[in-house]
Amino acid sequence: MTVPDLDHPAVAGYVHRLTAAAATLPPGHRDELVADIRAHLEDALAGVPDQEGAVLEVLDRLGTPEDIVAAADLPDERGARAAAMSPPAGSPPPPAGAAPPPTWTALEVIAVLALTAGTFVLPVVGPLIGLVLAWTSTRWHTRDKAIATVLTLLQPMLLVLALLAGLALAGGSASGVVPVPATGVVSPVPSPTSAPRLPTPPSP
Amino acid sequence: MELGGARQVLPQLRRGTLEYCVLALLRDRPRYGFDLVRALAAEDGLLTSEGTIYPLLSRLRRDGLVTTTWQESDAGPPRRYYALTADGRSALERFAADWQRFRDGVDRVLGLPGTGGRRAVDGRQGGADAGDAAAGSRREEGL
């Protein structure tokens, strides 16, 4: 009697789904998990007849790939136990505090491009669009979004401050105070009476 | 508390104890993953999704409570065997003592049979039934 193995279509499909779902895990964890599940399937399938129903039963008892990856993805032990005990159908939401995987989607990439290159391609509007996109992201923390907003708005503010400082310096030269570029020291124009005298050469 | 509240407690109870059930299964000898799954599945309602045991085992290994070794099997691919470490053993012992105390306390307050038979609700203290206590620990060992 032949026994079903990992080449069975339903099983191969399951392992494929698991590998894909586990892509969000760190590489070491992902490889270990897939290896463990494959080993489990080898053992589980060895004990069942080569019938569709029996094979699907084994996969059912394993739980969905998404549930298994969710159990591996949770940040703490308590969360892993929670997922191990959750009902298989309609997986429950992760426990409070579990952050969404910190991977970037197209939204994040476009937001960053708009915030940086957007300044040159589409001044003012580009970065603003980038900010709006950034705030809609579910992958970034609010704290990071706030920092990005401050930095983005800071650029034009710094520009304005620089302009004002430049104007102040330029306007200052008309009021009698002469900046001395070479030394960087602003000093009043020396008057003949206060100039230091050079020592007179000794008379022969 | 709503009517469904009692049923919500059970998943939480499982959540807190599954890890120690796994450690207990490893008390006498190293075992491989599928073997552990079978043993847990035999206990009604202890394990709903078999696959989620594996992330739990990985976590136990990362926390230093178990170690794993790959061993060749006579027929078929090599298997990953899990074994208790000293830390795992002491964690298990601590839990077993806490659990026993906790379970006995709840049983007494609920007035469940096998805890001396006396309802503690009306204030009377029931003496611990030595026979039942031994049966209880035998049940635990038999996991």
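A: In this predicted model, 37% of the 143 residues of chain B count as buried. The secondary structure of chain B consists of 5 helices and 3 strands, and the order of these elements from the N terminus is α-β-α-α-β-β-α-α. Among the contacts in chain B with a separation of 6 or more, 45% are between residues 24 or more positions apart.

Over all chains, the structure holds 4 aromatic pairs. In one of them, Tyr20(B) and Phe95(B), the ring centres are 4.1 Å apart and the planes meet at 5°; because planes under 30 degrees apart count as stacked, this pair is stacked. The partners come from distant parts of the chain, 75 residues apart: Tyr20(B) belongs to helix α1 (residues 5-25) of chain B, and Phe95(B) to helix α4 (residues 86-110) of chain B.

Another pair is formed by Trp99(B) and Phe102(B), with ring centres 6.1 Å apart and planes at 45°, so this pair is tilted. Here both partners lie in helix α4 of chain B, 3 residues apart, which is about one turn of the helix. Trp99(B) is partly exposed, at 27% relative accessibility. Phe102(B) is also partly exposed, with a relative accessible area of 48%; the cut-off for exposed is over 50%. Ring pairs join Tyr20(B), Phe95(B), Trp99(B) and Phe102(B) into a cluster.

Elsewhere in chain B, burial is a feature of helix α2 (residues 33-42). Of its 10 residues, 7 are buried, so this helix is largely enclosed by the rest of the structure. The buried residues of α2(B) are Gly33(B), Phe34(B), Asp35(B), Leu36(B), Val37(B), Ala39(B) and Leu40(B).

Chain A supplies the remaining context. Glu32(A), in helix α2 (residues 27-46) of chain A, has a relative accessibility of 15% and therefore counts as buried, the cut-off being under 20%.

Helix α6 (residues 106-116) of chain A has Glu108(A), Ala111(A), Ala114(A) and Leu115(A) as its buried residues. Viewed down the axis of α6(A), these residues fall within an arc of 130°, so they line one face of the helix. Ala106(A) and Leu113(A), on the other side of α6(A), are exposed.

Finally, chain A carries a nonpolar surface patch of about 1,000 Å², made by Ile147(A), Val150(A), Leu151(A), Leu153(A), Leu154(A), Met157(A), Leu158(A), Val160(A), Leu161(A), Leu164(A) and Leu167(A). One of these residues, Ile147(A), is located in helix α9 (residues 142-172) of chain A. With a relative accessible area of 45%, Ile147(A) is partly exposed.

Technical notes. Residues are numbered from 1 along each chain as its sequence is written. Chains are lettered from A and ligands numbered from 1 in the order in which they are written. This is a predicted model: local features need pLDDT of at least 70, side-chain atom pairs count only at pLDDT 80 or more; totals for chains, interfaces and linings use all residues. Side-chain values use heavy atoms; hydrogens and water are left out. Buried means under 20% relative accessible area, exposed over 50%, partly exposed in between (1.4 Å probe, protein chains only). Helices (H or I, at least four residues) and strands (E, at least two) are DSSP runs, numbered from the N terminus. The arc is that of the directions from the helix axis to the C-beta atoms. Patches are made of residues with over 30% relative accessible area and no salt bridge: like charges are joined within 9 Å, nonpolar side chains (Val, Leu, Ile, Met, Phe, Trp, Tyr) within 5 Å. Accessible areas come from the Shrake-Rupley method with a 1.4 Å probe; for residues, only the protein chains shown count as cover. A salt bridge is a side-chain nitrogen of Lys or Arg within 4 Å of a carboxyl oxygen of Asp or Glu. Rings of Phe, Tyr and Trp (its six-membered ring) pair if their centres lie within 6.5 Å; planes under 30 degrees apart count as stacked, over 60 as edge-to-face and the rest as tilted. Contact means heavy atoms within 4.5 Å.
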